[in-house]
Amino acid sequence: MTTDASAARQRFGPYGGRYVPETLVHALDELTEAYEAARIDPAFQAALTDLLQNFAGRPSPLYRARRLGEAAGHPAVYLKREDLNHTGAHKINNTLGQALLAQRMGKRRIIAETGAGQHGVATATACALFDLDCVVYMGEEDVQRQALNVYRMELLGAEVRPVGSGTRTLKDATNEAIRDWVTNVRDTHYIIGSVVGPDPFPRMVRDFQAIIGHEAREQILAAEGRLPGAVVACVGGGSNAIGIFHAFVPDHAVQLIGVEAAGKGIESGHHSASLAAGSPGVLHGSLSYLLQDADGQVAPAHSVSAGLDYPGVGPEHSFLKDSRRARYTSATDDEALAAFHTLSELEGIIPALESSHAVAHVLAHGREVSGPIVVCLSGRGDKDVAHVARVEGRGSLL
Amino acid sequence: MRSISQAFQERRARGQAALVPYVTAGYPERASTLSVLEALADTGADVIELGIPFSDPLADGPTIQHASFVSIGKGTTVRGVLDDLRAFRARRDTPVVLFTYLNPLLRYVLDAFLRDAAAAGAQGVLVTDLPTGSDPAVEQRIIDSPLDLIRLIAPTTPLELVSEVAKGGAGFLYYISRTGVTGARAELRSELAAEVGAIRAAVALPLAVGFGISTPQQAAAVAAVADGVVVGSAVIQALDRGGAAEAGRFLASLRKGMDRS
């Protein structure tokens, strides 16, 4: 049950909420209570900090990418190197936090959804560490696109369940994970991988990812002696973006720029740009911008990167868009692929296709920013190498 | 016009439970809704749940997911479902609850939907992803409309919260018989009778039980303890076996099972 005061905490302006079957309401109440206790418990925070530092390798570096800056026509482009975290992306920040919380709640079984597989791998990793049973739902199309990550999850002891319904991508993997949770809610915790889903997930995942921005803010002040002109991150569900934006929200002079996947071009209709081209609607338990048709059916998304191939977006992004505190733009598949190559060649860093969207924006528009630019390099591209080779007609290399 | 409460009261007066079948509108064909509804009305349905299909039916199991995807693929729209309902209402007075998810209603614009659904002859609306307290403004608009808001109680709802969760509900209260999604199951849980008894003691509304009921024996067991029996996936499966006629025969077999007990 929701009181008026807790209802306000569940939302970002009008967005968010808890639009779920009644069966899950009690579990969300319990999770909220457990999370609110844990976040102010010094023992929990100390355990998490220890894991983030000694297991995941935090803090991640803030690297000044000089050659990328030259290509972008900007003197000071920095990369927040979430790709250097254990398991290769920012996702581990959240899964360690939630696994620790699940352990505290006495839940021994974990489920997760995954698109690109990075969140699935990060969840499987945390479950191996904490000796928790782990089931990961993944769309059949993504199982194909990201075969390497499927094997990594299996190596880590997780069971990967391919989802063949609907779009066979992240959206339907999430539906299936929610169905599992509704069925096994008493002994299962659902580790959602992004700042989406019913409350408290969007704020809890944000809090676990906010370390990205807290570190980046200190690091840029140390390096430049001033705040950045802009912070840039890719947005699918939007967890790395919220993670890096959060610490900068009160710094009004810092532009926050989210880059959605424009796929084959927004005008083509084949894209994942919910904020640019969607309208408010309810999916996966929260009200937020959504790609949908005239009858309220959720429209299929498209992106070359599985992690951005999602028709919804976290509710806090919808709020940041409407309040104009953040600005959302997009990069196409082709622009992201070009940026993937550019960063590889200029800096010796192969970025995830998701993060390549943020890099693409800086290459195209970096010169318009005055002051340093901080780009969230949310993940590394090893997982994408075979897929990119296929997309570019190099056949099946792996 | 018969109301949902009347339908339950009439059964209760005879010492019987109401039978509430569910079907997805526009399944198996866009044009089959009317004949399916008539078949159900004529073979023992006291109230009918008519599903407006949604692309992401996360409370539903494989049977209703499939029916939803087929129906959407054949062009079913909210407006089309209301047209089907209007045609049915011209021929039968069986109360109808529109069963759906919130997004199609928001997209249609909620107040327009409530007005049009009532005009088309709906008596109630059940929104699977709108639990009590999740959106007080939206819930209040439904409560203030001519339609009954069908509230749901889950096996995970703490007993002390049942009357609070039922607040604003009308027509009947829907008890989800087990954690999980919709779909036929071989067994009912042994704790069901005790749970239903405890909930009935806490609320005044008639209590219908659904999720997983698929045989005359199960329907009879539920009818012995509850005011109503909801059957969904098994009705869809009967439609798959032999169309509206088979769905009607199946429903009649459930009614017979319930009346024998």
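Reply: Over all chains, a search of the whole structure finds 46 salt bridges. A salt bridge here is a side-chain nitrogen of Lys or Arg within 4 Å of a carboxyl oxygen of Asp or Glu. Side chains of opposite charge can pair when their charged atoms come close.

This is a predicted model: local features need pLDDT of at least 70, side-chain atom pairs count only at pLDDT 80 or more, and totals for chains, interfaces and linings use all residues. Residues are numbered from 1 along each chain as its sequence is written, chains are lettered from A and ligands numbered from 1 in the order in which they are written, and side-chain values use heavy atoms, with hydrogens and water left out.

Start in chain A. Asp199(A) and Arg18(A) meet through their side chains in a salt bridge, 3.9 Å from N to O. Asp199(A) sits in the loop between strand E8 (188-190) and helix H10 (201-209), and Arg18(A) in the loop between strand E2 (15-16) and H2, so this pair ties together parts of chain A that are 181 residues apart in sequence. Helices (H or I, at least four residues) and strands (E, at least two) are DSSP runs, numbered from the N terminus. Asp199(A) is buried, at 3% relative accessible area. Arg18(A) is buried too, at 4%. Buried means under 20% relative accessible area, exposed over 50%, and partly exposed in between (1.4 Å probe, protein chains only).

Next, Arg64(A) bridges to Glu224(A), with the closest N and O atoms 3.8 Å apart. Arg64(A) belongs to strand E3 (residues 62-64) and Glu224(A) to helix H11 (residues 211-224) of chain A, so parts 160 residues apart in sequence are tied together. Arg64(A) is partly exposed, at 28% relative accessibility. Glu224(A) is also partly exposed, at 23%.

Now chain B. Glu29(B) forms a salt bridge with Lys74(B), and their closest N and O atoms are 3.0 Å apart. Glu29(B) lies in the loop between strand E1 (18-24) and helix H2 (33-42), Lys74(B) in the loop between helix H3 (62-73) and helix H4 (78-89), so the pair ties parts of chain B that are 45 residues apart in sequence. Both residues are partly exposed: Glu29(B) at 42% and Lys74(B) at 37%.

Some bridges share partners. Arg18(A), Asp29(A), Glu36(A), Asp199(A) and Arg203(A) are joined in this way into one network.

Then the interface. Two salt bridges are counted between chain A and chain B. Asp135(B) makes one with Arg11(A), with 3.9 Å between the closest N and O atoms. Helix H2 (22-39), H9, strand E11 (279-283) and strand E12 (286-290) of chain A each supply at least two residues of the side that touches chain B. H9(A) gives the most to that side, with eight residues.

In all, 37 residues of chain A are in contact (heavy atoms within 4.5 Å) with 41 residues of chain B.

One residue shows the meeting up close. Ser165(A) is found in the loop between strand E7 (159-163) and helix H9 (170-184) of chain A. Ser165(A) counts as buried, at 17% relative accessibility. Leaving aside neighbours within four places in sequence, Ser165(A) is in contact with Asp172(A), Glu176(A), Gln65(B) and Phe69(B).
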